[in-house]
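Please consult the sequence and the structure alongside the text.

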Amino acid sequence: MLQIFEVVNNFNDACHKEIDLGLDFDEGTKPQRIDCGDSTKIHAQMCTFHSRIYLASQSPRYRDSLKQIGVSFELLLLRTDPRREIAKDEAPHTSESTSDYLEHLCCTKAIAGRSAWISRGLRPFPVLAADSVIDLDGTLIGKPRDQKESADILRKLSGRQHQLTSAVAVAFRDHVVFRLTTTIVTFATLNEERINFYVNGNEGRDRVGAYAIEGLGGAFVKRIEGSHSALFGLPLFETVELLADLGWPV
């Protein structure tokens with residue numbers, strides 16, 4: 001049975017539950033509770049962590065984040081693997097909450113990565129996957145598909161607050177562990193000239209919310225409440241704490 005552990009923010013309680021990822025689960029198994037305060041239990045169930053991990057992402061920002069905290073990793077590319085059987089639908093569904101969307105997306109990516117190293121006969125390292133989404137008045141906003149959508153997203157964010165929720169998941173053997181964190185971002189008011197100039201530069205074309213805070217898009221942000229690192233790449237605090245809870249020497 002695939003077991004998924006949600007490590008909640010206070011580290012004193014963890015919810016062990018089954019999540020429908022379109023994969024095979026044992027029927028009739030009652031979820032159990034695990035005390036996250038006893039890290040030896042989670043470490044024992046996750047088996048022995050190795051000296052490195054697989055990163056199931058091509059994002060250079062995620063690579064930079066792992067280098068920043070001293071985690072050795074190998075890239076595990078999923079999109080280009082013809083044997084990959086798990087299809088990722090990364091478009092948010094209107095009926096999904098932010099946490100449900102990211103939980104499903106990140107755990108699916110991590111599980112796909114685990115399946116990939118098994119099918120390719122690679123060394124058995126844990127697989128880390130991550131993703132983010134913006135919640136604006138209950139509407140989930142991801143990456144823009146083109147310049148028109150980029151401009152539309154920036155118009156919606158202009159002069160308002162939005163929530164950026166980031167998730168990190170790690171899969172190894174029969175287990176997936178994940179963390180969520182939310183950052184509140186206050187945007188400046190943007191006129192059409194400023195929006196069009198930014199969109200034409202293509203800086204935010206592959207970024208959630210259509211802006212890159214480390215570039216020109218940083219001038220759009222008036223205030224940040226929460227994880228600053230989540231706006232640049234991986235949420236570092238949550239990533240380190242997650243790995244540490246699993247016995248990683250960080």
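## Packing of H4 and H5

H4 and H5 are oblique to each other, a class left for angles that are not under 35 degrees (roughly parallel), over 145 (roughly antiparallel) or 65 to 115 (roughly perpendicular). The axes of H4 (residues 147-157) and H5 (residues 192-200) cross at roughly 140° and come within 10 Å; they are lines fitted to C-alpha atoms over the stretch in contact, with angles from 0 to 180 degrees between N-to-C directions.

Gln147, Ser150, Ala151, Leu154 and Arg155 of H4 meet Glu192, Ile195, Asn196, Tyr198, Val199 and Asn200 of H5, where contact means heavy atoms within 4.5 Å. Five nonpolar, four polar and two charged residues make up this contact. In that grouping, Ala, Val, Leu, Ile, Met, Phe, Trp, Tyr, Cys and Pro are nonpolar, Asp, Glu, Lys and Arg are charged, and the others, Gly among them, are polar.

## Basis of the model

The model is predicted: local features need pLDDT of at least 70 and side-chain atom pairs pLDDT 80 or more, while totals for chains, interfaces and linings use all residues. Residues are numbered from 1 along each chain as its sequence is written, and side-chain values use heavy atoms, leaving out hydrogens and water.

## Overall architecture

The protein chain has seven helices and 10 strands, taken as DSSP runs (helices H or I, at least four residues; strands E, at least two) numbered from the N terminus. Of its 250 residues, 48% count as buried, that is, under 20% relative accessible area, with exposed over 50% and partly exposed in between (1.4 Å probe, protein chains only). Among contacts between residues at least 6 apart in sequence, 67% join residues at least 24 apart.

## Loops around H5

Thr189 lies in the loop between strand S9 (175-187) and H5 and is exposed, with a relative accessible area of 63%. Not counting residues up to four places away in sequence, Thr189 touches Ser158, Gly159 and Arg194.

Asn202 is partly exposed, at 30% relative accessibility.

## Helix H7

In H7 (residues 236-245), the buried residues include Leu236, Glu238, Thr239, Leu242, Leu243 and Asp245. Gly247 follows H7 and has a positive phi, near 95°.
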